[in-house]
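Please keep the sequence and the 3D view at hand while reading.

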Amino acid sequence: MPDRENIKVCEIFYSVQGEGINAGVPSVFVRLFGCNLTCDWCDTRYSWHRDFARFEKMSARKVADRICAFGGLPGKNIVFTGGEPALQQEAIRRIRKELMARRDHFSLSPEDQFTFELETNGTRRIEDDFWNVINISPKLQNAGQQPYPVLAHCFPREHHQKTWWKFVVEDEKDMDDILALLKEHHISPHKVLLMPQAQTRDELIAASPAIIELCKQYGFRFSPRLHVFIYSDKAGV
Ligand code: SF4
């Protein structure tokens with residue numbers, strides 16, 4: 001198959017994972033352009049809104065080149081995010097193939113290999129089994145999303161161990177949505193993370209204590225938003 005320059009890439013950058021179970025892990029972020037939702041509080045509108053159209057069409061080889069340029073060798077956590085990266089799963093497959101070919105070239109030990117992490121809103125079925133971590137972040141009514149858009153089986157059941165459910169929470173009123181979703185999808189509380197809805201560092205600090213209380217009450221994990229805490233509303237970090 002030719003390596004077409006048809007992957008809509010919004011940005012590629014090296015940072016630490018800011019949210020979820022891998023928070024703090026050095027990671028290369030591949031932010032793909034395009035989303036099927038329009039959340040009111042979306043902090044990455046530039047990754048899908050037509051007013052921005054901020055993307056470059058790239059080949060899989062070029063994306064892999066850019067990933068490997070951050071330190072040269074594999075051995076990194078690669079986070080596919082968006083927008084909604086599950087809209088471009090064929091493209092992700094091609095990028096991964098390019099990366100795995102480089103891994104084989106360097107004959108790396110297992111601990112030096114790439115790991116792959118996905119951030120998705122849960123509205124598209126995840127077709128591949130290579131993901132090491134799948135973060136599903138369903139959008140609640142606080143995002144202006146009605147009706148509830150999460151797919152009943154957005155990931156294969158065998159991926160259960162790798163899958164974490166991450167919710168952006170404004171206040172206690174969101175718990176009805178969350179508890180209904182957990183019941184519908186048979187999700188155990190230990191797979192759930194809550195994080196505050198906040199666009200800036202000040203908003204994040206102000207909102208966090210109430211979310212921690214909800215985590216204590218329901219037995220969920222609290223997820224930091226390190227990028228907001230450290231860089232506030234700056235993009236690409
Ligand atoms: S699903 Fe994510 S990227 Fe898409 S509009 Fe909502 S918050 Fe933004």
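Helices (H or I, at least four residues) and strands (E, at least two) are DSSP runs, numbered from the N terminus. By this definition helix α3 is followed by H186, whose phi is positive, near 55 degrees. The structure is a predicted model, in which local features need pLDDT of at least 70 and side-chain atom pairs count only at pLDDT 80 or more, while totals for chains, interfaces and linings use all residues. Residues are numbered from 1 along each chain as its sequence is written.

## Overall layout

The protein contains five helices and nine strands, and along the sequence these follow the pattern β-β-β-α-β-α-β-β-β-α-β-α-β-α. One of the helices, α3 (residues 174-185), has twelve residues and spans 17 Å from its first C-alpha to its last, close to the 16 Å expected at 1.5 Å a residue, where the expected span is 1.5 Å times one less than the number of residues.

Burial is judged here from C-beta atoms placed from the backbone: a residue is buried if 20 or more other C-beta atoms lie within 10 Å of its own, exposed if 12 or fewer, and partly exposed in between. Of the 237 residues of the protein, 37% count as buried. Two residues are in contact if their C-beta atoms, placed from the backbone, lie within 7 Å, and among the contacts with a separation of 6 or more, 74% link residues 24 or more positions apart.

## The sheet

Strands of a sheet pair through backbone hydrogen bonds, either parallel or antiparallel; here two strands are said to pair if DSSP finds at least two bridges between them. The nine strands form an open sheet with mixed pairing, in the order β3-β1-β2-β4-β5-β6-β7-β8-β9. Because β3 (56-58) and β9 (221-222) stand at the edges, each with a single partner strand, one side of each is left without a neighbour in the sheet.

Strands β1 and β2 run antiparallel and are joined by seven bridges, with F13 standing opposite F29 in β2. Strand β4 (residues 77-81) pairs with β5 in the parallel sense over four bridges, and F80 stands opposite L118 in β5. On β5 and strand β6 (residues 133-136), four bridges again give parallel pairing; L118 stands opposite I134 in β6, and E119 stands opposite N135 in β6. Three bridges then join β6 to β7, which run parallel, and the bridge partner of I136 in β7 is W165.

In a regular strand the side chains alternate between the two faces of the sheet. In β6, V133 and N135 point one way whereas I134 and I136 point the other way, and all are buried.

## The nonpolar core

A nonpolar core is a set of buried Ala, Val, Leu, Ile, Met, Phe, Trp, Tyr and Cys residues joined through C-beta atoms within 7 Å. The largest such core has 46 residues, of which V9, V30 and V63 touch the most other members. The elements that give two or more residues to this core are β1 (7-16), β2 (26-32), α1 (60-68), β4, α2 (89-106), β6, β7 (163-169) and β8 (192-196), and the largest share, five residues, comes from β7.

Leaving aside residues up to four places away in sequence, V9 touches V30, L32, F33, F55, E56, M58 and V63.

F116 is found in strand β5 (residues 115-120) and is partly exposed, because 19 other C-beta atoms lie within 10 Å. Not counting residues up to four places away in sequence, F116 touches I78, R96, F130, W131 and N132. Although F116 and W131 are 15 residues apart along the chain, their C-alpha atoms are separated by 5.2 Å.

D233 lies in the segment after α5 (226-231). Is D233 buried or exposed? D233 counts as exposed, because it has 12 C-beta neighbours inside 10 Å. Its contacts, not counting residues up to four places away in sequence, are D43, Q199 and T200. D233 and A198 are 35 residues apart in sequence and 9.2 Å apart in space, C-alpha to C-alpha.

## Around the ligand

A residue is near a molecule if its C-beta atom, placed from the backbone, lies within 6 Å of it. There are 13 residues around the ligand, and C35, L37, C39, C42 and N121 come nearest. This shell divides into five nonpolar, six polar and two charged residues, where Ala, Val, Leu, Ile, Met, Phe, Trp, Tyr, Cys and Pro count as nonpolar, Asp, Glu, Lys and Arg as charged, and the others, Gly among them, as polar.
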